[in-house]
Amino acid sequence: MALLSSVPYKAREFNLSGLQGISDKTLEIHLGLYKGYVEQTNRLTEQLEQMVRAGQASGANPAYAEVTRRLGFEYDGMILHEYYFGNLKPQPSAQPSPELRQAIDASFGSYDVFMTDFKAVGSMRGIGWAILFQDPMTGKLSNHWITLHQDGNPAGFKPLLVMDVWEHAYLLDYKPAEKSRYMEAFIANVDWDAVNRRFSAAAAERPAVAA
Ligand SMILES: [Fe+2]
């Protein structure tokens, strides 16, 4: 456990008022939840630092172990929400860049197959996230289901498109059985400029090895 609390995280500001199909009230509540993750991340980090300083950092110390486990949930909850809000924009006009389209085609066959799969992941029962990741080692793209923020993230992969499908993301605007309508609204609000920038920043470190 690194000692990090001297540089606490500061909640980022997102100006997203006016999204299609995702109300300002939902955004207000959701951004409040995000700030809670930032506060908890800072609080747990501070608690762990105090334990380290007090000589209580031990795997046999249940308090240390529990706070350490909770840090993964809060930390990933903070970061994934920043990716989520960061890939939304009122009245977006951008499209996937030619380079991103090429990578989507190479990995899925076509954009339509990718999007059908992305929505299939998002429609899975339960709370979680649907995320399009890029493998930095091969450049390959793949969709993943992440439960409880910290569970299911492929190690080292770069999140490109992040969709929150916890019920708090849509329950004010849609019924529980209308998650697909929320997902359509999410997709209509995707800021592909932001996704393109993430993709550009995730250059392949080495090509895939041919079988
Ligand atoms: Fe959320």
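Seven residue pairs are in polar contact between domain 1 and domain 2, both residues at pLDDT 80 or more. By polar contact I mean a pair of N or O atoms within 3.5 Å; within protein, one has to be able to donate a hydrogen and the other to accept it, and residues adjacent in sequence count only if both atoms are side-chain atoms. Helix 1 (24-53) and helix 2 (62-86) each bring at least two residues to the side of domain 1 that touches domain 2. Helix 2 gives the most to that side, with 10 residues. Sorted by class, the side of domain 1 that touches domain 2 has seven nonpolar, six polar and three charged residues. For the classes, Ala, Val, Leu, Ile, Met, Phe, Trp, Tyr, Cys and Pro count as nonpolar, Asp, Glu, Lys and Arg as charged, and the others, Gly among them, as polar. Helices (H or I, at least four residues) and strands (E, at least two) are DSSP runs, numbered from the N terminus.

Quick housekeeping. This is a predicted model, where local features need pLDDT of at least 70, side-chain atom pairs count only at pLDDT 80 or more, and totals for chains, interfaces and linings use all residues. Residues are numbered from 1 along each chain as its sequence is written, and side-chain values use heavy atoms, with hydrogens and water left out.

Okay, back to the two domains. The domain assignment gives domain 1 as 24-86 and domain 2 as 98-200; those bounds come from an automatic or database domain assignment. Taken over C-alpha atoms, the centres of domain 1 and domain 2 are 23 Å apart. The contact takes 16 residues from domain 1 and 21 residues from domain 2, contact being heavy atoms within 4.5 Å.

How much area is buried between domain 1 and domain 2? About 1,500 Å², with carbon and sulfur atoms giving 66% of that. Buried area here is the accessible area (1.4 Å probe) that two parts lose on being put together, summed over both. Leu80, Tyr83 and Tyr84 supply 42% of the area that domain 1 buries against domain 2, more than any other three residues.

The rule is a side-chain nitrogen of Lys or Arg within 4 Å of a carboxyl oxygen of Asp or Glu. Search the whole structure and you get four.

Let me walk through some of those. In helix 1, Glu49 and Arg53 sit four residues apart, about one turn of the helix, and their side chains meet in a salt bridge at 2.8 Å, N to O. Glu49 counts as buried because its relative accessible area is 9%, while Arg53, at 61%, is exposed. The cut-offs: buried means under 20% relative accessible area, exposed over 50%, partly exposed in between (1.4 Å probe, protein chains only).

Then there's Glu184 with Lys119, whose side chains meet at 2.9 Å, N to O. That pair links distant parts of the chain: Glu184 is in helix 5 (residues 179-188), Lys119 is in helix 4 (residues 111-122), and they are 65 residues apart. Glu184 is partly exposed, with a relative accessible area of 41%, and Lys119 is partly exposed too, at 24%. Another salt bridge joins Glu178 and Arg181, the closest N and O atoms being 3.3 Å apart; Arg181 is partly exposed at 49%.

Gln91 has a positive phi of about 50 degrees although it is not a glycine. Gln91 is in the loop between helix 2 and helix 3 (98-108), and at 67% relative accessibility it counts as exposed. His149, also not a glycine, has a positive phi of about 65 degrees. You'll find His149 in the loop between strand 2 (141-146) and strand 3 (158-164). Buried or exposed, then, for His149? Buried, because its relative accessibility is 0%.

Two last residues. Val67 is in helix 2 and is buried, at 8% relative accessibility. Leaving aside neighbours within four places in sequence, Val67 is in contact with Leu44, Gln47, Leu48 and Met51.

Finally, Gln134 in strand 1 (residues 129-134). Gln134 is buried, with a relative accessible area of 2%, and its side chain reaches the backbone oxygen of Gly139 at 3.4 Å.
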